[in-house]
Amino acid sequence: MKKITIAIDGFSSTGKSTLAKQLAKELEYVYVDTGAMYRAVAYFAMQHNFIGPDFFDKNALIENLPKIQLEFKFNADLGFAEMYLNGENVEKQIRTIEVSSFVSKVAAISEVRSKLVEQQQEMGKNKAIVMDGRDIGTVVFPNAELKIFMTASAETRAQRRFDELQQKGDNVTYEEVLQNVVERDNLDTSREDSPLVIAEDAIEIDNSYLNKEEQFAAVLELVNDVVKTT
């Protein structure tokens, strides 16, 4: 079967990573969570006191980018790759609401995007890859054979994210999560470098009323159609 590149973009908490993992497993493709890469950089900035609720030393982060080494390592027990920052497994740390509140600001820095996009393109040079993020179909893989753009109402996405954080034991309120979702939407769509936009040839999926199984079945059908016609 012909190998293709699948680019999945969309707003935060639309289930991009869940869908991408499902597709990668079904197709035996490589899965790359670019959001985890930006989260890891944001976590690095937090660790070194470059960013906080009321400050952001962008120059310090830019100067220290060469010190950031990112790597995905497959966890057989979980069935997917986890994010490592400078040799440390930070998968749990980068999923907190605190990191979520900073990641869009970090991702707006051109030097950060340039560093990570270069790595992402290298990962996908042999195709057979599913990658999700904000600029995969527009910047990282503009020639991807299949581009998906996922969306849902802010309220729906906030509820999903809130439920997920509650299950992990995080002490957050729905209002905090909703505010974070709205703020990230604004930052992601208004940044100067590679803002979140839908590619002209992307297929938009609003999953506000779709469950994971329905969504997966619909996209897998799209994949099969593309493979047959390319």
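Select Glu91 to begin: leaving out residues up to four places away in sequence, Glu91 touches Ala81, Glu82 and Met83 (contact means heavy atoms within 4.5 Å). Before you click on, note that this is a predicted model, where local features need pLDDT of at least 70 and side-chain atom pairs count only at pLDDT 80 or more, while totals for chains, interfaces and linings use all residues. Residues are numbered from 1 along each chain as its sequence is written, and side-chain values use heavy atoms, with hydrogens and water left out.

**Stay on Glu91.** You'll find Glu91 in the loop between β7 (88-89) and α4 (97-107). Helices (H or I, at least four residues) and strands (E, at least two) are DSSP runs, numbered from the N terminus. Is Glu91 buried or exposed? Glu91 is buried, at 13% relative accessible area; buried means under 20%, exposed over 50% and partly exposed in between, using a 1.4 Å probe and protein chains only. Now show the side chain of Glu91: it reaches the backbone nitrogen of Met83 at 2.8 Å. The Glu91 side chain also makes a polar contact of 2.8 Å with the side chain of Arg95. A polar contact is a pair of N or O atoms within 3.5 Å; within protein, one must be able to donate a hydrogen and the other to accept it, and residues adjacent in sequence count only if both atoms are side-chain atoms.

An unreviewed UniProt entry lists Gly10, Phe11, Ser12, Ser13, Thr14, Gly15, Lys16, Ser17 and Thr18 under "binding site". UniProt positions are in the numbering used here, feature names are shortened, and annotations may be inferred rather than shown by experiment. From that list, the lining of the largest pocket includes Ser12, Ser13, Thr14, Gly15, Lys16, Ser17 and Thr18. (On a 1 Å grid over the protein atoms alone, a pocket is an open set of points where a 1.4 Å probe fits, with protein on both sides within 12 Å along at least five of seven lines; lining residues have an atom within 4 Å of a point.)

Zoom in on Thr14, in the loop between β1 (5-10) and α1 (16-27). Thr14 is buried, with a relative accessible area of 1%. A polar atom of the Thr14 side chain lies 2.8 Å from the backbone oxygen of Phe11. Setting aside neighbours within four places in sequence, the contacts of Thr14 include Met150, Arg157 and Gln215.

**Over to Asp193.** This residue lies in the loop between α8 and β10 (203-206). Which side chain does Asp193 join through a polar contact of 2.9 Å? Select Ser110: that is the partner. Apart from neighbours within four places in sequence, Asp193 contacts Ala108, Ser110 and Arg113.

Lys21 lies over the face of Phe80, 3.8 Å from the ring centre, and Lys73 lies over the face of Tyr84, at 4.5 Å. The rule here is NZ of Lys or CZ of Arg within 6 Å of the ring centre and within 35 degrees of the ring normal.

To finish, zoom out to residues 6-224, which UniProt gives as "domain: Cytidylate kinase" (unreviewed entry). Over that stretch the chain is 49% helix and 19% strand, and the end C-alpha atoms are 12 Å apart.
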